[in-house]
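Colleague: Hi! Could we go through the pockets in this one together?
Modeller: Happy to, let me bring it up.
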Amino acid sequence: MPELPEVEALAQFLREHAVGAVVGRVDVAALSAVKTFDPPVTALSGRDVTGAGRWGKFLGLECDGLWLITHLSRGGWLRWIDEPSQTPPKPGGKSPLALRVHFFTPEGMTPAFDLTEAGTKKRLAVYIVDDPKLVPGIARLGPDALEVTEEQFGEILHGASQRIKTAIVDQSLLAGIGNAYSDEILHTAKISPFATTKTMSAETISVLYEAMRSVLTDAVRRSVGQDAARLKGEKRSGMRVHARAGLPCPVCGDIVREVSYAERSFQYCPTCQTGGKVLADRRMSRLLK
């Protein structure tokens, strides 16, 4: 899932490549992806692209008073195409394409970007609004993970009363962090994913806050300026524990472990984070019964 660093990089990419262009045709390939109907997507055509923005994990393109907002969900991505096909896609096909936006640039180019979604569970969402706050998911967001102060961060955690892994990915509490970077932040801070927020000391919260800022800032620095097609690889290359179950921890050499639940999983290092204790994996426990 694209998280704060990748979405910030995509917003910057759009500022550099799309701002100043004029929106041409907008092709909808997955009708279910479009969550608003007034204004229609056709209202974007002919408008100047005037900006791009990010709200948590939401990405937005400003088109002269209207916003195209998207949430890429777990399998979504933005793909820039210098020479797109001019043949409109067929709605409802098996292609991962959800939406294509064509542009006319001042240089006479006609690029486009595709919003695509891999997998069978289609959750990518597109909204056309005149104010980003009209998007329900944006209206519910907590403070941005890179803008929240340490004092606010502490108040949020003490008011949550839940496991820290759950708290820092809750977008209504803190915007922008997902499964991958939460693993990296907790590993950097040397905190167990099962630690309880309400009992955390001020010192522990301070360490966690600094780890959050360090991990996210470094990821943004590595991501911004990258071609959109390379961002996924850049994200994977910077991970120390996430998606590395069974591999050695780069800090201490212990084996990175995994806990699976529902449709997701998280990874951690026992030596760095839990005093050597291996956390119970409920999915494995059920399989062994």
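Colleague: Let's start with the second largest pocket. How many residues line it, and which lie nearest its centre?
Modeller: This is a predicted model. The second largest pocket has 14 lining residues, and those nearest its centre are Trp77, Leu78, Arg79, Trp80 and Ala229.

Colleague: Which elements give two or more residues to that lining?
Modeller: Those are E5 and strand E7 (112-117). E5 contributes four residues, the largest share of this lining.

Colleague: And how does the lining of the second largest pocket split by class?
Modeller: There are eight nonpolar residues, two polar and four charged.

Colleague: How much space lies in there?
Modeller: The second largest pocket holds about 190 Å³.

Colleague: OK, switching over. What about the space in the largest pocket?
Modeller: That one comes to about 1100 Å³. Its lining has 40 residues, with Met1, Pro2, Ser73, Arg74 and Gly75 closest to the centre.

Colleague: Which elements give two or more residues to the lining of the largest pocket?
Modeller: On the strand side, they are E5 (76-81), E8 (125-129) and E10 (264-268). The helices are H5 (179-189) and H7 (231-237).

Colleague: Which of them gives the most to the lining of the largest pocket?
Modeller: That would be H7, with three residues.

Colleague: Last one: how many residues in the lining of the largest pocket are nonpolar, polar and charged?
Modeller: The lining of the largest pocket divides into 15 charged, 14 nonpolar and eleven polar residues.

How values were computed. Residues are numbered from 1 along each chain as its sequence is written. This is a predicted model: local features need pLDDT of at least 70, side-chain atom pairs count only at pLDDT 80 or more; totals for chains, interfaces and linings use all residues. Side-chain values use heavy atoms; hydrogens and water are left out. On a 1 Å grid over the protein atoms alone, a cavity is a set of points where a 1.4 Å probe fits but cannot get out, and a pocket is an open set with protein on both sides within 12 Å along at least five of seven lines; lining residues have an atom within 4 Å of a point. Grid points are joined across faces, edges and corners, and a volume is the space filled by probe spheres set on the points. Ala, Val, Leu, Ile, Met, Phe, Trp, Tyr, Cys and Pro count as nonpolar, Asp, Glu, Lys and Arg as charged, and the others, Gly among them, as polar.
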